Amino acid sequence: MLFEVKDVFYTRMRGTPFAVEALRGCSLAIPEGEITAIVGPTQAGKSTLLLMLLGLLRPSRGTVLFRGQDIHQAPFDVERLRLRVGIVFQSPEAQLFEETVGKDVSFGPRRKKLPAAQSRRLVQEALEAVGLPYEEFRTRYISSLSGGQKRRVAIAGVLALEPEAILFDEPTAGLDPQGRQELLALIRRLKAERRLTIVLTSSSLADVAALADQVIVLHEGRVVLNGSPREVLARAEELLALDITLPEITRIALGLRSLWPALRCDVLTLAELEEELARFLPRTTSQEPQPSFPDACQ
Ligand SMILES: Nc1ncnc2c1ncn2[C@@H]1O[C@H](COP(=O)(O)OP(=O)(O)OP(=O)(O)O)[C@@H](O)[C@H]1O
Ligand SMILES: [Mg+2]
């Protein structure tokens, strides 16, 4: 396992009248080389959990392990962890500091004191990987970019550190449908081509059901469901009660359950739904006379 979170509690604004228990006995494991989606409604503790994985917050109880080592116990070097595991925040503005794209993406390699030629190669590769051609974008001002492009620059900045894993906090929030699909395709490519471990958060299963290897459903700081997308979608009614957006195909399957209560709703594609429906609809064979429309309507 890359990460293990064991019975972690965390109180935000501890010791003040505004104290909130953001994590309450949260346990989960993140396997290497896979895409894990942390799904939950607003305030479930998703962002808190990502900060916890990077050691940016310290649990008030429980442990966080990276490859079996407690990240808050010496001799573990939490600073090095942050060079090996990158994070992309929900609002890219939060992590873009420099004036130009090239300067921003080269921030990590410069911090690592890499030779100029190697740094340039990493920046170029990172920008190309997110679909921003190097020569065209390296001198562009960050302020002149669209929201989607800024998000890509933030991802390139993380890639230039050559991380083993990337944590994405709500990567598709605020993007239009095309931007969402492009970003999900990019995440899928990062896993396939760079063999990265990916953790992403979302309040919607619609975006991540087709992408994730593992889905962890978080509610009020605890894991309430955990499994493959199909295993989690099989509990669609519970997900709806938690205010989690479901894939359209699951919503259709759920609606059809009023007609056929035994219909499965853990379908991921239209073809699967059709196959499932075929179990319930009467079959007509070519030998049987087909009713003509006027007959069928009478
Ligand atoms: N900066 C903060 N100061 C105090 N409390 C906070 C802060 N950020 C979050 N919280 C509280 O911690 C709890 C968990 O919040 P968190 O942001 O981790 O949830 P989330 O699942 O990421 O929600 P969202 O979907 O809205 O981003 C919530 O009760 C929230 O009110
Ligand atoms: Mg959040």
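How far apart do the C-alpha centres of domain 1 and domain 3 lie? They lie 30 Å apart. Let's take a tour of the structure, starting with some ground rules.

## Before we start

This is a predicted model, where local features need pLDDT of at least 70 and side-chain atom pairs count only at pLDDT 80 or more, while totals for chains, interfaces and linings use all residues. Residues are numbered from 1 along each chain as its sequence is written, chains are lettered from A and ligands numbered from 1 in the order in which they are written, and side-chain values use heavy atoms, leaving out hydrogens and water.

## The whole protein

The C-alpha trace spans about 80 × 50 × 35 Å along its principal axes. Its secondary structure comes to 14 helices and ten strands. Here, helices (H or I, at least four residues) and strands (E, at least two) are DSSP runs, numbered from the N terminus.

Of the 298 residues in the protein, 47% are buried. Buried means under 20% relative accessible area, exposed means over 50%, and partly exposed is in between (1.4 Å probe, protein chains only). Among contacts (heavy atoms within 4.5 Å) with a separation of 6 or more, 61% join residues 24 or more positions apart.

## Three domains

The domain assignment gives domain 1 (1-90 + 169-232), domain 2 (96-166) and domain 3 (247-281). Such bounds come from an automatic or database domain assignment. Where domain 1 meets domain 3, the contact takes four residues from domain 1 and six residues from domain 3.

Helix H5 (residues 116-129) packs against helix H8 (residues 177-194) at an angle of about 130°, and their axes are 11 Å apart. The axes are lines fitted to C-alpha atoms, for helices over the stretch in contact, and angles run from 0 to 180 degrees between N-to-C directions. That angle makes H5 oblique to H8: angles under 35 degrees count as roughly parallel, over 145 as roughly antiparallel, 65 to 115 as roughly perpendicular and the rest as oblique.

Which residues make the contact? From H5 come Glu125, Ala126 and Ala129, and from H8 come Leu186, Arg189 and Arg194. These residues divide into three nonpolar, no polar and three charged. In this scheme Ala, Val, Leu, Ile, Met, Phe, Trp, Tyr, Cys and Pro count as nonpolar, Asp, Glu, Lys and Arg as charged, and the others, Gly among them, as polar.

## An enclosed helix and a buried threonine

Seven of the eight residues of helix H1 (residues 46-53) are buried, so H1 is largely enclosed by the rest of the structure. The buried residues are Lys46, Thr48, Leu49, Leu50, Leu51, Met52 and Leu53. After H1 comes glycine 55, whose phi is positive, near 75°.

Now look at threonine 201 in strand E8 (residues 197-202). Is threonine 201 buried or exposed? Threonine 201 is buried, with a relative accessible area of 1%. Leaving aside neighbours within four places in sequence, its contacts are Ile38, Lys46, Leu50, Phe168, Asp169, Glu170 and Pro171. A polar atom of the threonine 201 side chain lies 2.8 Å from the backbone nitrogen of glutamate 170.

## Loops worth a look

Most residues other than glycine have a negative phi, and most peptide bonds are trans. Glutamate 162 has a positive phi of about 50° although it is not a glycine. Glutamate 162 sits in the loop between helix H7 (147-159) and strand E7 (165-168) and is partly exposed at 47% relative accessibility. Glutamate 220 also has a positive phi, near 50°. Its loop runs between strand E9 (214-219) and strand E10 (222-227), and glutamate 220 is partly exposed at 43% relative accessibility. The peptide bond from alanine 74 to proline 75 is cis, with omega near 10°, and proline 75 lies in the loop between strand E5 (69-70) and helix H2 (78-84).

Finally, serine 258 lies in the loop between helix H12 (248-256) and helix H13 (270-278). Serine 258 counts as exposed, at 65% relative accessibility. The side chain of serine 258 reaches the backbone oxygen of glycine 255 at 2.8 Å.

Conventions
A polar contact is a pair of N or O atoms within 3.5 Å; within protein, one must be able to donate a hydrogen and the other to accept it, and residues adjacent in sequence count only if both atoms are side-chain atoms.
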